[in-house]
Amino acid sequence: MAIQLALLLSLLFGILLAPGCVATPAMAPSTLLQMKSSLIDPQGILSGWSLEADVCSWHGVSCLPGESIVVALNLSGYGLSGTISPAIAGLISVEFIDLSSNSLTGPIPAELGMLQNLKTLLLYSNFLTGTIPAELGLLENLNVLRIGDNRLHGEIPPHLGNCTELETLALAYCQLSGTIPYQIGNLKNLQQLVLDNNTLTGSIPEQLGGCVSLRILSVPDNRLGGIIPSFIGSLSVLQSLNLANNQFSGAIPAEIGSLSSLTYLNLLGNSLTGAIPEELNRLSQLQVLDLSQNNISGGISISTSQLKNLKYLVLSDNLLDGTIPEGLCPGNSSLENLFLAGNNLEGGIEGLLNCISLRSIDASNNSFTGKIPSEIDRLSNLVNLVLHNNSLTGVLPPQIGNLGNLEVLSLYHNGLTGVIPPEIGQLQRLTTLFLYDNQMSGIIPDEITNCTSLEEVDFFGNHFHGTIPERIGNLKNLAVLQLRQNDLSGSIPASLGECTQLQALALADNRLSGALPDTFRHLTQLSIITLYNNSLEGPLPEALFELKNLTVINISHNRFSGSVVPLLGSSSLAVLVLTDNRFSGVIPTAVARSRNMVRLQLAGNQLAGAIPAELGNLTRLRMLDLSSNNFSGNVPSELSNCLQLTHLNLEGNSLTGAVPSWLGSLRFLGELDLSSNALSGGIPVELGNCSSLLKLSLSDNHLSGSIPQEIGRLTSLNVLNIQKNSLTGVIPPTLRQCNKLYELSLSENSLEGPIPQELGQLSELQVMLDLSRNKLSGQIPTSLGNLVKLERLNLSSNQLHGQIPSSLLQLTSLNRLNLSDNLLSGMIPAVLSSFPAASYTGNDDLCGAPLPTCGANGRRLPSAMVSGIVAAIAIVSAAVCMALLYIMLRMWSNWREVSVSSSDGEEPPEHGKGSKCSARDGKYWKVGSGLVVASSEEKYSSASESSVLHGKSTEVSAMNLKG
C-alpha cells in the first residue's frame, strides 16, 4: 500500500507542477488534440477531430449518453504510428482505451496510472518499447490489461498485484524477463493469465493458487522450470492449461486429474518424466491433450471411454512403449486426431480400427510391425494416414481406395512389398503419396493418373518397372514427382509437359531412354530436375532455354550430346551437373549469369576451347569440375575471384602454362586436381597457404624444379600425388608435418638424395607410398617400419643400397611390395619372402626366398657354385639309387632260395637249430622287409624333396640366366 501511495503522490506532484494541468472532463477535447499531434494518421481517420465539432462525434470517441464526458477511445487497426502522448492522463473520465493493432512506437506513458476510472487498456500488437510502467498498478478499477505483442522488455512489475479487479492480464509475445511475480496471486478475480513467448524464468509461484477464478493459465515458450506444482489441481474452474515449451521436469502431477472443467491441456516440449497418470482419464471435458516432446515412458494409459470429448491426443516424441491398447477407443469415441510419432511402440496397428471418428493418424517413427489391415476402410473419415519409418510388411491393401476423404498417405521407409493397387485411383482428394524406401514392385498403375488432386508423389528406392504412365499429364496440380532409384524404362512421356505446376522432377537412377520431350518447355515453374544415371540421349530441346526458374540441374551419366546452351536460360542456377555425357563445343559465357552458382560440374564430355574467364564472376562457386574434356590454354587468373572454392578439378585436359600462384589464396580449397595436363614450371610455394587442402594432385604434367618445403604446411592433406613430372632435388623432410596423409606418390620424377627418415612419422599412410623411378640413394630408412597401416610400398627403380631393414617386418598390412631394380644386398627377411620374386629382381646382391639362397657370407651363391652343387646332388642321388637296386636284388635272391627250400619240404637234420634259425630268419625277413620298405619310402620321400628343391633351384637358375 505504501508503494502504491508513493507512486500516486509522485504522479500527482509531477502533474500539479505543470501550470494549467488540473484535468477536468471538459478538457477532453484539448487532450485528444494533443494526442493527435503525436500521431501519424495515414488513413485520415482523425481528420474530423476539431474543436468546431462536438467531441462525442469524433471518430473513435464515445461519451456518456446525453453528456459530453468522454468514456471510451477506440482507434484500433487504423495503421496509426507515432507515440502515445503523456497528455492521455487528461482523459480522467475514460473507462476504455483501445489503441491496438497499429504501428505505435515509444514507451507506454506512466501517466496512464492517473486514469482511475480506466477498466480496459488494449495496447497489444504495436511496436511499443521500454518497460511496463509500475504506475499501471495504480489502476484499481482495471479489468482488462492487454499490452502484449510489443517490444517491451524488463520484468513484470509486481505492482500489478494491486489491480485487484483485474480479470485479464495478457503480456504475451514481448521480451519480458525475470520471474512471475508472486503478487499476481493477490488477483482473486483474475480469469486469464497469458504470458506466452517471453523469456521468463524461475518456477510457477505457489501464491498463484490464490487466483481461484483462473480459467486460462497460458505461459508457453518461456524458460520456466522446476516441477509442475500440484496446487494447479486446486484451480477448480481452470479450463485451459498451457505450459508448453518450457523447462519443467519431474512427473505430471496426478492432481491435474481433479480439474473437472479442463478442456485444453498442453505440456509439450518440456523434460517431463514418468508415466502418463491414470487420473487424466477423469478429465471428462478435455478436448485437447498434448504431452508430446517430453521423456514420458510406459504404456499408453489414455482411454476415450471416459474422455468422451477428447478430439486431439498428441503423445509424439516421448519414450512410450508397448502396443496400442484395446481400450484406446472402446465403443463410441470423439477422437479425431491421434499423434503417436517418435516413440518405441510396437505390435500391429489393428487397435486403431475402433477409432472410427479419426481424421488424422500419425504413428510414424515407431517399431510397428505386421500388415496394414484390409479393414483400414473402417476409418472412413480418415484424411491423413502417416505410418512411415516403421517395420510394416505385406502389401498395400486394395481397400485403401475406399478412403474417399484421404489427402495424405505417407508409408515410406517400411518393408512393404507387392504392387500399388489400381484402386488407389479412386482417391480423388489425395494430395500427398509417399511410398519411398520400401520393397514394392510391379508397374506404376495408370489409374494413379485419376488422382487429379495429387501435388507430391515420391516412389524413390523401390523396384517399380515398366514405363512412366502415359497419362501422367492428367496430374495438373503435381508439384513434386520423385521416381528416382527404381527400374523404370522407356521414354519420358510427352504428357509430363502438361504438369505445368511441377517444381521438382527426379527421375534419376532408372533405365529411361530416348530424348527429352519438347513439351518440357511448358514446365515454367520447374526449379529442380535430376535425370542422372539413365540412358537418355540426343541434343537438348532448344526450348528448354525458356525455363527461367531452374535452380538445380543434374543430368549426368547419360548420352546427351550437342550444346549445353538450352540449359542456361535461367540466371538462378545454383547447381549444374552434366558429367559423363557427350556435350561438345565451348562453355558458353551465359553460364556466368547465374551468380548464385555453387556447383558447376562438366566433367567427362567433349567440351573444348579455353576455360572462360567469365567463370570468375561466380564468386559463390564451391565446386568446379571441368575434368576429362579437351580444354586448352592457361588456367584463367579470373578464377582467383572464386574464394569460396572447395573443389577445383581440371584433370585430363590439355591446359598449358604454369600452375597459378594465386591458388594459394583459396583458403577453403579441399581438393586441387590439375593432373594429366601439359602444365610446366615449378610447384608454387603459395600452395602451402591452402590450409584446408585434403587432396593435391599435379601428376602427369611437365613440372620441374624441387618440391617446395611449404607443402609441409598442408597439415590436413590426405592425398599428395605429383608423380610423372620432371621434379628434381630432395624429398623435403617437412612432409612429416602432413601427418594425415594416407596416400603419397612421388614416382617417375628425378628426385635424388636419401629417403628422409621423417617419412616414417606419417603413421596414417595406408593406401600407398610410391617413390619409384627416381634417383634416390642411400639405405631404406628403418623408420618406414612405423607405417603399420601401409598397404602398398614401391621403392623400385632407384639407387638404394644396403640391406632390407628388419623393421619392415612390422608392416603387417602390406599386400604389395616392390623393391626391384635397386642396389640392395643381403638376405631377404623371411616374413617378406611371401612376395613374388618380381618384388626383388634387379638387385644382384639380394638373396633368399623367393630369390636364390644365400651363401655362408650372406650373399647369393655364384652361378658356378650353384651348378656344382646341383651336379653333386645328382651324382649322389644316382649312387644311392644303384645301392638300393643292389640290395633289393640280393634280397630277392635270398627269398628265392628260402622259397624253393620250403616248397620241397626238405629240412636237413643238421639244421634243426637251423630250422629255428630259419624261422628266426623268416621273422627277421618280415621285419627286415618292413624296414626295407620303410627305408625305401623314406628314400623316395627324400628323393622327392630333393627333386622339388632341385626343380626350384633350376627354375631360379633359369630366372637368373634370363635376368
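A residue counts as buried when its relative accessible area is under 20%, as exposed when that area is over 50%, and as partly exposed in between. Trp58, with a relative accessible area of 3%, is therefore buried. Trp49 has a relative accessibility of 4%, so this residue counts as buried too. The model in which these values were computed is a predicted one.

Trp49 and Trp58 also belong together as an aromatic pair. Their ring centres lie 5.4 Å apart, with 25° between the planes, and the pair is classed as stacked. Planes under 30 degrees apart count as stacked and those over 60 as edge-to-face, with the rest called tilted. Phe459 and Phe464 give a tilted pair, because their planes stand at 50° while the ring centres are 5.5 Å apart. Both of these phenylalanines are buried. In total the structure holds six aromatic pairs. Elsewhere, Tyr412, Phe434 and Tyr436 make up one aromatic cluster. A ring can also face a charge: the charged end of Arg146 sits over the ring of Tyr124, at 4.2 Å from the ring centre.

Phe459 leads on to the nonpolar core. The largest such core has 242 residues, and Phe459 is among the members that touch the most others, along with Leu265, Leu696, Leu720, Leu746 and Tyr840. Helix H2 (28-37), strand S2 (61-63) and strand S3 (70-74) each contribute at least two residues to this core. H2 provides the largest share, three residues. Around Leu720, leaving aside residues up to four places away in sequence, the contacts are Leu696, Ile711, Leu735, Leu741, Glu743, Leu744, Ser745 and Leu746. Two of these contacts, Leu696 and Leu746, are themselves named among the core members with the most neighbours in the core.

The next topic is strand pairing. Strands of a sheet pair through backbone hydrogen bonds, in either a parallel or an antiparallel sense. Strand S4 (residues 81-83) runs parallel to S6 and is joined to it by three bridges. Within that pairing, Ser81 stands opposite Ser103 in S6.

Gly298 is placed opposite Leu320 of S22. S22 is also joined to strand S24 (residues 344-347), again in parallel and through two bridges. Here Asp321 stands opposite Asn344 in S24.

The last stop is a loop residue. Asn533 lies in the loop between strand S37 (528-530) and strand S38 (535-539). Its relative accessibility is 32%, so Asn533 counts as partly exposed. Leaving out residues up to four places away in sequence, Asn533 touches Asp509, Asn510, Ser556, His557 and Asn558. The contact with Asp509 includes a polar one, in which the two side chains are joined at 2.7 Å. Asn533 and Leu507 are 26 residues apart in sequence, and their C-alpha atoms are 9.1 Å apart in space.

Definitions and conventions. Residues numbered from 1 in each chain as written. Predicted model: local features only at pLDDT ≥ 70, side-chain atom pairs only at ≥ 80, totals over all residues. Heavy atoms only, no water. Core = buried A, V, L, I, M, F, W, Y, C linked by side-chain atoms within 4.5 Å. Buried < 20%, exposed > 50% of the residue type's maximum accessible area, 1.4 Å probe, protein only. Helix = DSSP H or I, 4+ residues; strand = E, 2+ residues; numbered from the N terminus. Contact = heavy atoms within 4.5 Å. Polar contact = N/O pair within 3.5 Å; in protein donor to acceptor, adjacent residues only side chain to side chain. Pairing = 2+ DSSP bridges. Phe/Tyr/Trp six-rings, centres within 6.5 Å; stacked < 30°, edge-to-face > 60°. Lys NZ or Arg CZ within 6 Å of the ring centre and 35° of its normal.
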